[in-house]
Amino acid sequence: MNKHRSRLDAVNYYTATRKYDVQYPRLTQDLDVDVVVIGGGFSGVNTALELAEKGIANIAILEARHLGYGGTGRNGGQVMAGIGHDIDAMEKHVGPDGMNILFQIASEGAGILRARAEKYGINADVHRGYGYLAVNQRQARTLRKWEKEFRDAEPDEDIQYVDGPAVQGIVGSDVYCAAIRHMGGGHVHSLNLLLGEARAAVSLGVKIFENSPVTAVEYGDTIIVRTNAGIVRARKLLWACDSFLDGLEPEISSRTINTYSFQIATEPLSDAVCAQISPFRGAYSDISPVINYFRVTAENRLLFGSATRLVEYFPADYAAWNRDLLRGLFPYLADVKIDYAWGGAMACSANLFPQIGSLSRCRNAFFVQGYSGFGVTPSHIVCKVLAEGISEGSARYDLMSSIPHARILGRDKARPAIMTAAKSWHQLSGFFNGR
Ligand SMILES: Cc1cc2nc3c(=O)[nH]c(=O)nc-3n(C[C@H](O)[C@H](O)[C@H](O)COP(=O)(O)OP(=O)(O)OC[C@H]3O[C@@H](n4cnc5c(N)ncnc54)[C@H](O)[C@@H]3O)c2cc1C
């Protein structure tokens, strides 16, 4: 993994276009706070912001590198509907009444994200419009079903299924035979959103420390968190490190496994080419088990990403690898220049559902992780529910945290083999489920 790190960490579209030039100090003192948050991505910052909005603002966020160093500053910026990949599979854990609550939770994420950007005046290119795409008739039939489910969940939303030639009105590619245009989804500059949310949290009293990796935690009524240059004592703690936890807290790191996605951003394209790719400038993904995803950014770049489909490996050249996929979808982009290529890890849970809860040996130490590649929208609602659990408690926190988290045996020693087996299974079961 280490030999791949510099390519995964290469300057990416987000760092090159960040609008908030803010840096936070390193922790070099001892602090007493109500809540200490470990990890400065969407999960850590949004939970802190939710708590601060409730009046619990004596919070310290400790980030090992810089805000958005993790998945939050590397993702596709796709604001998709829902939460988790297969919410229906949760029924065996929560029952039919619990499912109603989960569906309600799942419908809130995108609204919270947009409201937050608006409330705090965050400049994050928030854009409405999402295209779910079918590459064959099996997937088209699934999209028909999804259209009904989407409409049932959000009756007031603009949601439209099309097939045949009308698909060209949604996306400029001959590859797709059907599509749903869902105006409740969309896309966002996720790093700028995060930095704006961090600024909002700080304005309410939250303290943020960058370049402050946590090296040890001692649990107790008062939790002691150590970095190389400082100590934070807190009544409550939140682990929000997702794919970067690196075994620091074994109880939760054993419950996810990392997989990787790779992205490119092209040179800026003409308005005409952007309109051809994306008539409503939405975000898009197909509905295959491992998706291709893309969108046109505010600067007219095409941002495109994917992951390996069956065998888990790091492509030798992310730009060339994505260009091949891009060429298959948009032959007219065969010669565009690629300005940025990068990648990132995604922590996957066994059931592909995000995990929240508290540690068995310290009920005041909470965690959130395992968005399984789908955390931009979900982190906004999951962390609202989590903040309820950390503060006053709530029925929906109790429900979400009751979903069991299976341990993934061999996750460290046999990661590529496990992920290859999981991807093969995911493809096969996806085929029989209309994907
Ligand atoms: C390439 C890629 C594309 C993606 N595309 C999409 C998409 O289009 N749509 C979507 O919904 N989701 C997408 N995702 C997933 C989404 O980005 C993540 O689910 C989400 O950002 C996770 O946020 P987080 O805050 O939980 O974790 P992260 O953003 O990963 O943050 C964790 C932070 O913890 C810090 N940390 C780790 N250890 C320590 C320590 N010891 N001390 C202090 N800090 C520590 C890390 O430095 C990191 O900044 C994508 C992910 C990747 C990698």
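These legends describe close-up views of one predicted model. Residues are numbered from 1 along each chain as its sequence is written. Local features need pLDDT of at least 70 and side-chain atom pairs count only at pLDDT 80 or more, while totals for chains, interfaces and linings use all residues.

**View 1. The whole chain.** The chain holds 13 helices and 17 strands. Both are DSSP runs numbered from the N terminus: helices are H or I with at least four residues, strands are E with at least two. Its C-alpha atoms fill a box of roughly 65 × 45 × 45 Å along the principal axes. Of the 435 residues, 49% count as buried. Buried means that 20 or more other C-beta atoms, placed from the backbone, lie within 10 Å of the residue's own.

**View 2. The shell around the ligand.** The ligand is surrounded by 45 residues, each with its C-beta atom, placed from the backbone, within 6 Å of it. Among the closest are Gly-41, Gly-70 and Gly-344. β15 (338–349) is one of the elements that supply at least two residues, and β15 gives the most, with four.

**View 3. The largest nonpolar core.** This core has 124 residues. A nonpolar core joins buried Ala, Val, Leu, Ile, Met, Phe, Trp, Tyr and Cys residues through C-beta atoms within 7 Å. α11 contributes the largest share, eight residues. Val-36 and Ile-59 have the most contacts inside the core.

**View 4. The surroundings of Ile-59.** Leaving aside neighbours within four places in sequence, Ile-59 is in contact with residues including Val-33, Ala-48, Leu-51 and Val-206. Contact means C-beta atoms, placed from the backbone, within 7 Å.

Notes. Buried ≥ 20, exposed ≤ 12 C-beta atoms within 10 Å, placed from the backbone. Contact = placed C-beta atoms within 7 Å.
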